[in-house]
Amino acid sequence: VDGISGVGICGRAIGYIQIRFCEAELFFTSDRIASEVGGICGYLDLQSFKPGLEGCSAVVDIVSQARLSHAGGMCGIIYGPTTQSSTITRSSARGKIDGRALEDVGGFVGYNGGTVSDCYAQVDIVGDAMYNVGGFIGRNWGMPSSSYCAGEVQFNSPYPADWYSVAEFCGMPAGYFEACYWDIQKCDLNSEPPAGLTGLTTEQM
């Protein structure tokens, strides 16, 4: 695929829908600006209190030679109710994301505006320039819980990672976190995580 917005099993999924027990392999490359890229959904906007995405897994190989925004191993962007039920639950993502300029990019979801529970990501992220990038979530305005990541975020800059909102679990950690973890032996950027985020050794994980 070359230069497209809305990439995944569902490019864009909006409304009263459920995606359950899907498996995806995504191989994406672009030499132009790309956005809303995910193994299952590029853009997921739910209007139901039932889990919108459940029991899914994705393996991704995402490469961008230009600006890449709102990208994740599972979904690029998610929106949904932040009470009663999870937007995404019991799902996982593995693989790698490699881009020249990354913004709102995470190992699981790039931009989270919903709830994520009981999920994990093992996605390595590499970029020449980064802003709002994390091993699990790039930018968070939602409610992740009981989730973890064990991928590496390679931030190549002489300046502190937190200047650019780059971190082990979540780059821009607004919202609320509960019982979320990352592997500090896989990724340690010396960030100061908010309450609800904890770094553990590989053995502890």
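1. At 5% relative accessibility, threonine 115 counts as buried. Threonine 115 belongs to strand β13, which covers residues 115–117. A polar atom of the threonine 115 side chain lies 2.8 Å from the backbone nitrogen of threonine 87. The model discussed here is a predicted one, and the remaining points should be read accordingly.

2. Next, the sheet. Six strands form an open sheet in the order β2-β6-β9-β12-β15-β19, and their pairing is parallel. Its edge strands are β2 (10–15) and β19 (170–173), each of which pairs on one side only. On average, neighbouring strands of this sheet are turned by 5 degrees against each other, with direction ignored.

3. Strand β9 (residues 75–79) and strand β12 (residues 109–113) run parallel and are joined by four bridges. In this pairing, isoleucine 78 stands opposite asparagine 112 in β12.

4. How many salt bridges does the structure hold? There are five salt bridges. Side chains of opposite charge can pair when their charged atoms come close. Three of these pairs are taken up in the points below.

5. Arginine 90 and glutamate 54 form a salt bridge through their side chains, at 2.2 Å from N to O. Arginine 90 sits in the loop between β10 (88–89) and β11 (92–106), while glutamate 54 sits in strand β7 (residues 53–54), so the pair ties together parts that are 36 residues apart in sequence. Glutamate 54 has a relative accessible area of 9%; it counts as buried because the cut-off for that class is under 20%.

6. The closest N and O atoms of arginine 67 and glutamate 103 are 2.7 Å apart, and the two residues form a salt bridge. Arginine 67 is in strand β8 (residues 57–72) and glutamate 103 in strand β11, so this pair also ties together parts that are 36 residues apart in sequence. Arginine 67 is partly exposed, at 35% relative accessible area. Glutamate 103 is partly exposed as well, at 23%.

7. A salt bridge joins the side chains of arginine 139 and aspartate 104, with 3.1 Å from N to O. Arginine 139 lies in strand β15 (residues 137–140) and aspartate 104 in strand β11, so parts that are 35 residues apart in sequence are tied together by the pair. Are arginine 139 and aspartate 104 buried or exposed? Both arginine 139 and aspartate 104 are buried. Strand β15, which holds arginine 139, is also one of the six strands of the open sheet.

8. The pairing of arginine 90 with glutamate 54 was described in point 5.

9. Finally, alanine 129. Alanine 129 is placed in strand β14 (residues 120–134) and is partly exposed, with a relative accessible area of 39%. Leaving aside residues up to four places away in sequence, alanine 129 touches Arg100, Ala101 and Leu102. Alanine 129 and leucine 102 are 27 residues apart in sequence, and their C-alpha atoms are 6.2 Å apart in space.

Terms used. Residues are numbered from 1 along each chain as its sequence is written. This is a predicted model: local features need pLDDT of at least 70, side-chain atom pairs count only at pLDDT 80 or more; totals for chains, interfaces and linings use all residues. Side-chain values use heavy atoms; hydrogens and water are left out. A salt bridge is a side-chain nitrogen of Lys or Arg within 4 Å of a carboxyl oxygen of Asp or Glu. Helices (H or I, at least four residues) and strands (E, at least two) are DSSP runs, numbered from the N terminus. Buried means under 20% relative accessible area, exposed over 50%, partly exposed in between (1.4 Å probe, protein chains only). Contact means heavy atoms within 4.5 Å. Two strands pair if DSSP finds at least two bridges between them. Axes are lines fitted to C-alpha atoms, for helices over the stretch in contact, and angles run from 0 to 180 degrees between N-to-C directions. A polar contact is a pair of N or O atoms within 3.5 Å; within protein, one must be able to donate a hydrogen and the other to accept it, and residues adjacent in sequence count only if both atoms are side-chain atoms.
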